[in-house]
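Thanks, everyone. I have one structure to walk through, and I'll keep it short. Here it is.

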Amino acid sequence: MINYKDLGLVNTREMFKKAVDGGYAIPAFNFNNMEQLQAIIMAAAETKSPVILQVSKGARQYANQTLLRYMAEGAVEYAKELGWEKPQIVLHLDHGDSFETCKSCIDMGFSSVMIDGSHLPYEENVALTKKVVEYAHQFDVTVEGELGVLAGVEDEVSAEESHYTKPEEVVDFVTKTGCDSLAISIGTSHGAFKFTPEQCTLDPQSGRLVPPPLAFDVLAAIEEQLPGFPIVLHGSSSVPQDEVDTINKYGGALKAAVGIPEEQLRKASQSAVCKINIDSDSRLAMTAAVREVFANKPAEFDPRKYLGPARDNMKKLYIHKIKEVLGSDNKA
Ligand SMILES: [Zn+2]
């Protein structure tokens, strides 16, 4: 049993309370390799933003769970080296699929876990989430539950269509489970292809697809039921068109990739939404930089020469998200 506090990590409790009160949101960035982690920590340290390092089950399988845990521990020390005196870093399991997965993460030093029972019948979701909360709270680990279903594909999580969270269920769910935060579905979606062209309207000026707006009425109804309770948005990449254009220019084939417009996420950040999950945007930033190097310097074969620019591009993206979208800079 490793307690996250011994690794210098923090749970989400204080962080979320401050974010809800302060009208900003904490970035939750997924990572599965060193360059991503370096970019996240450099961006957070430079902007003094609290940050949530997210690991999916797929990332644990890809990178090895032991290695990931030590990387997160290393991230705290690295942040201090960068001059961040008291790093506010959470190590969080994204989309925990069972009690066993959550327990294994808690036992290995995670400070926060998500148990995703959103695909289950309501009562089963309640029972599973409650079981994880009871275990996690013994070690002061915070738990994110989920109500409602997001569309899209993210690692092994996928759903054909979304179902908005029902505001009339949230009080019962939070009371019965004791979860510390709640992921909701209001129209965000996993992956880089969040909407089909048919769901979008075409902006005649730019020729870009404009996705349907988020259901802010559902968010408002949930906030009314649960005043001040921390709300989480998954699938909140914006799919920056310049990164998509770079990828396509240098041989990629990402046609009709669409994300959530940043002004909508900015608006959500000012509400009880206090954690915003961003994964695809970092994948796009990394891929765009690597493709550009390969296209312009075909003789290059030193990984540092293409992963270095990829890291720089991800860092730029993370800083942009922190300062221009979530407003979490200078909060840690
Ligand atoms: Zn998710």
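Start with helix 2 and helix 4. Leu37, Ile41, Ala44 and Ala45 in helix 2 meet Met71, Ala75, Tyr78 and Ala79 in helix 4. Contact here means C-beta atoms, placed from the backbone, within 7 Å. By class, that contact has 8 nonpolar, no polar and no charged residues. The classes are simple: Ala, Val, Leu, Ile, Met, Phe, Trp, Tyr, Cys and Pro are nonpolar, Asp, Glu, Lys and Arg are charged, and the others, Gly among them, are polar.

Helix 2 covers residues 34-47 and helix 4 covers residues 65-81. Their axes come within 10 Å and cross at roughly 35°. Axes are lines fitted to C-alpha atoms, for helices over the stretch in contact, with angles from 0 to 180 degrees between N-to-C directions. The crossing is right-handed.

Two notes on the source. This is a predicted model, where local features need pLDDT of at least 70, side-chain atom pairs count only at pLDDT 80 or more, and totals for chains, interfaces and linings use all residues. Residues are numbered from 1 along each chain as its sequence is written.

Helix 6 (residues 122-137) and helix 7 (residues 167-177) have axes that come within 8 Å and cross at roughly 35°. This crossing is right-handed too. Helix 6 brings Tyr122, Val126, Thr129, Lys130 and Val133, and helix 7 brings Glu169, Phe173, Lys176 and Thr177.

Step back to the whole chain. It has 12 helices and 13 strands. Those are DSSP runs numbered from the N terminus: helices are H or I with at least four residues, strands are E with at least two. The radius of gyration is 19 Å, close to the 20 Å that the globule rule gives for 332 residues, so the chain is as compact as a globular protein of that length. That radius is taken over C-alpha atoms, and the rule is 2.2 Å times the number of residues to the power 0.38.

How much of the chain is buried? Buried residues make up 51% of the 332. The cut-offs use other C-beta atoms within 10 Å, placed from the backbone: 20 or more is buried, 12 or fewer is exposed, in between is partly exposed.

The largest nonpolar core has 93 residues, and Ile40, Leu53 and Val113 have the most contacts inside it. A core is a set of buried Ala, Val, Leu, Ile, Met, Phe, Trp, Tyr and Cys residues joined through C-beta atoms within 7 Å. Leaving out residues up to four places away in sequence, Ile40 touches Phe29, Phe31, Val51, Leu53 and Tyr318.

Two single residues next. Leu128 sits in helix 6. It counts as buried, because it has 21 C-beta neighbours inside 10 Å. Glu146 is in strand 5 (residues 142-147). Glu146 counts as buried because it has 25 such neighbours inside 10 Å.

Last, the backbone. Asp140 has a positive phi of about 60° although it is not a glycine. Asp140 lies in the loop between helix 6 and strand 5. Asn330 is also not a glycine, with a positive phi near 55°.

Note on methods: Left-handed = near helix turned anticlockwise from the far one by under 90°. Contact = placed C-beta atoms within 7 Å.
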